[in-house]
Amino acid sequence: NIKSDPGKVVFRTDHGRSDLKRLHSRNARVPGAGNANPLGLTLTDFRFTIKTTVMLQPLGRGSYCATPESFDLTIGYSDFIVYIDRRYGRGSCEYKAIREHENTHVSLYRAYLQRHLPELRKRAKAEALRIKPIQVRHPDAGAKYIQDQLQAKISPIIDRIGSEADAANANIDTARNYRDIQLLCDNW
């Protein structure tokens, strides 16, 4: 079972330019354009979890046969926290321009997740079916081993989703794009 979580979007307008610069330097996975002061910032975490159900059969002498029964994978984003410089009031041209830019970031992250979900579903199902029962000494070791096997097989796809989304987002955080945004309004 694979479930995607697109994350909610939460807008924050209680931070100033220096706050946003500090948040960016602490949290950004990719650098912004030059030493620009950010007027907006979108933060989220890309994450996935796997829950594994295993059937254990005692074999005697303190060992067990662990057989995979099901996998529940959740992949997606934490809430998208979108910061917009507090000096631009809701409804102003500048606020709208910043919000549109930050919403593009959210859309890009979500699009890369959706683009790769079919491949992830197919690969996870195929790999889950390949995992064989294992003999273990401790009941928890079987579930951990089986879960680690699936995770190792799907991690390349998950890593690709994150890196492609980060690269696409970096492509819109350029000095030229920032100049184009600033041409939209007069009160920067």
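Which residues touch the most other members of the largest nonpolar core? In this predicted model, they are Phe-71, Ile-75, Leu-120, Leu-150 and Ile-154, in a core of 32 residues. A nonpolar core is here a set of buried Ala, Val, Leu, Ile, Met, Phe, Trp, Tyr and Cys residues joined through side-chain atoms within 4.5 Å; buried stands for under 20% relative accessible area, exposed for over 50%, and partly exposed for the range in between, with a 1.4 Å probe and protein chains only. At least two residues of this core come from each of β4 (46–60), β5 (63–77), β6, α2 and α3 (139–172), and α2 gives the most, with 10 residues. Ile-154 has contacts (heavy atoms within 4.5 Å) with Ile-50, Leu-73, Leu-120, Arg-123 and Ala-124, leaving aside residues up to four places away in sequence. Another core, of five residues, lies apart from this one and includes Leu-20, Leu-23, Leu-41 and Tyr-83. In soluble globular proteins, nonpolar side chains tend to be buried together.

Residues are numbered from 1 along each chain as its sequence is written, and side-chain values use heavy atoms, with hydrogens and water left out. Local features need pLDDT of at least 70 and side-chain atom pairs count only at pLDDT 80 or more, while totals for chains, interfaces and linings use all residues.

The chain holds four helices and seven strands, taken as DSSP runs numbered from the N terminus (helices H or I, at least four residues; strands E, at least two). From the N terminus on, their order is β-β-α-β-β-β-β-α-β-α-α. Three strands form an open sheet in the order β2-β6-β3, with mixed pairing, where two strands pair if DSSP finds at least two bridges between them. β2 (9–12) and β3 (40–43) are the edge strands, each pairing on one side only. The twist from one strand to the next averages 15 degrees.

How do the pairs in this sheet run? β2 and β6 (residues 80–84) are parallel and joined by four bridges, with Arg-12 partnered by Tyr-83. Four bridges also join β3 to β6, but this pair is antiparallel; here Gly-40 has Ile-84 as its bridge partner. Four of the five residues of β6 are buried, so this strand is largely enclosed by the rest of the structure.

Helix α1 (residues 17–27) lies across β3 and β6 and runs at about 35 degrees to β3. Axes are lines fitted to C-alpha atoms, for helices over the stretch in contact, and angles run from 0 to 180 degrees between N-to-C directions. Helix α2 (residues 93–130) packs on the sheet and touches β2, β3 and β6, its direction making about 160 degrees with that of β6.

As for the whole chain, the C-alpha trace spans about 75 × 30 × 25 Å along its principal axes. Its radius of gyration is 22 Å, whereas a compact globule of 188 residues would have one near 16 Å; the radius is taken over C-alpha atoms, and the globule rule is 2.2 Å times the number of residues to the power 0.38. Buried residues make up 38% of the 188 residues.
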